[in-house]
Amino acid sequence: MESLEAELERARDLEVADLADAIESIGFECTRCGACCTAEEADDGGTDPHTATVFPDEVRALREATGEPWRDVARPTPFGLREGDDGPEGETFEWALRTDACGDCVFYRESDGVGACAVHPDRPLICRTYPFSVALAGTSQPMGEAVDERGIVRAHECEGLGRDIDREDAEELAAALRERAVRELEEAIAVRDAYEPAHPAPGEVVVHDSEGAKRPDGTPR
C-alpha cells in the first residue's frame, strides 16, 4: 500500500483535463433531487443521517456566511464514537455538516420536490464534487461503492449520472475534484502526525483534525 505522502504526490500530479475526460465520458447533470443532501435508508429499515465531511476552514467559511456557531454548522463524524449513558462519546477524526432531526443536512431546502442548498456559493468541496471521487488511498468515497468508473475517477450513486455535461462544467468539476483529493490527503497526514490519544472522559467527544484535538463546539481541547 502506498504511503499517504506518495498518494498526495499522485493527487497533486492529476491532470484536470484527464479528470474532465473521465467525467464527460460518465456524464452528469444535477437533477436537484436532494438525495445527496438527505438521510439514507439504513439496512435495518430506518435511516442513517446524511454525512458530508468538511475541513476546519470550510466550517469557518460557513460560519462566516451564516453567522451560526460551530455546533450549528458541523458535528463530529460518528465513525469511532460509541453510545454512552449520556449520548455519543469517544474520539473521531473528521467533521461533518450538521444534520436536522430527520437526518438531512441543515442547509438543505426543498420546494415542490426540487432541492436547493441554502449556502450554495460556500458549499464544501465534498458537495461541489458529488457524485465523483478519485481512487486514491486516504481520500473519501461518498455514498458507498462506486457504480461506474473511468480510470482513476469513480462515480457514486446519483440519478444525474449518464447525462450530457459540457466541457466547461466538466473541467470546473474536475478542478474541484483534484483540489478535494489533495486537501483530504493533506488533512489525513496532518491528523496522523499530530495525533495523541485524548483519553476522553465518559460522555466526552473529542475530534482530531489537522489543527489538533477539539471539542464538539470547535474549541481546542
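**Exercise 1. The second largest pocket**

Task: In this predicted model, state the volume of the second largest pocket, and determine how its lining divides by class.

Solution. 
Step 1. The volume of the second largest pocket is about 220 Å³.
Step 2. The residues that line this pocket are R71, R75, P76, P78, L81, R82, E83, P88, R98, V205 and P216. Strands β4 (74-76) and β5 (82-84) are the elements that contribute two or more residues to this lining.
Step 3. Sorted by class, the lining comprises six nonpolar and five charged residues, with no polar ones.

**Exercise 2. The buried face of helix α2**

Task: Identify which residues of helix α2 are buried, and explain why they line one face of the helix.

Solution. 
Step 1. Helix α2 spans residues 16-26, and its buried residues are V16, L19, A20, A22, I23 and I26.
Step 2. When α2 is viewed down its axis, these buried residues fall within an arc of 160°, so they line one face of the helix.
Step 3. The general principle is that an α-helix has 3.6 residues a turn, so residues three or four places apart point the same way.
Step 4. The buried residues of α2 pack against β10 (132-134), β11 (146-150), β12 (153-156) and α6 (167-194).
Step 5. After α2 comes G27, which has a positive phi near 85°.

**Exercise 3. Residue I26**

Task: Decide whether I26 is buried or exposed, and list which residues I26 touches beyond four places away in sequence.

Solution. 
Step 1. I26 belongs to helix α2.
Step 2. The relative accessibility of I26 is 7%. Buried means under 20%, and I26 therefore counts as buried.
Step 3. Leaving aside residues up to four places away in sequence, I26 touches F132, D148, E149, R150, V153, A155, L161 and G162.
Step 4. R10 is 16 residues from I26 along the chain, and the C-alpha atoms of the two are separated by 22 Å.

**Exercise 4. Strand pairing**

Solution. 
Step 1. Strands β8 (residues 108-111) and β9 (residues 114-117) run antiparallel and are joined by four bridges. Y108 has C117 in β9 as its bridge partner.
Step 2. The open sheet consists of three strands in the order β3-β7-β4, with antiparallel pairing.
Step 3. Two bridges pair β3 with β7 (residues 95-97) in the antiparallel sense, and V54 stands opposite W95 in β7.

Conventions: Residues are numbered from 1 along each chain as its sequence is written. This is a predicted model: local features need pLDDT of at least 70, side-chain atom pairs count only at pLDDT 80 or more; totals for chains, interfaces and linings use all residues. Side-chain values use heavy atoms; hydrogens and water are left out. Buried means under 20% relative accessible area, exposed over 50%, partly exposed in between (1.4 Å probe, protein chains only). The arc is that of the directions from the helix axis to the C-beta atoms. Contact means heavy atoms within 4.5 Å. On a 1 Å grid over the protein atoms alone, a cavity is a set of points where a 1.4 Å probe fits but cannot get out, and a pocket is an open set with protein on both sides within 12 Å along at least five of seven lines; lining residues have an atom within 4 Å of a point. Grid points are joined across faces, edges and corners, and a volume is the space filled by probe spheres set on the points. Ala, Val, Leu, Ile, Met, Phe, Trp, Tyr, Cys and Pro count as nonpolar, Asp, Glu, Lys and Arg as charged, and the others, Gly among them, as polar. Two strands pair if DSSP finds at least two bridges between them.
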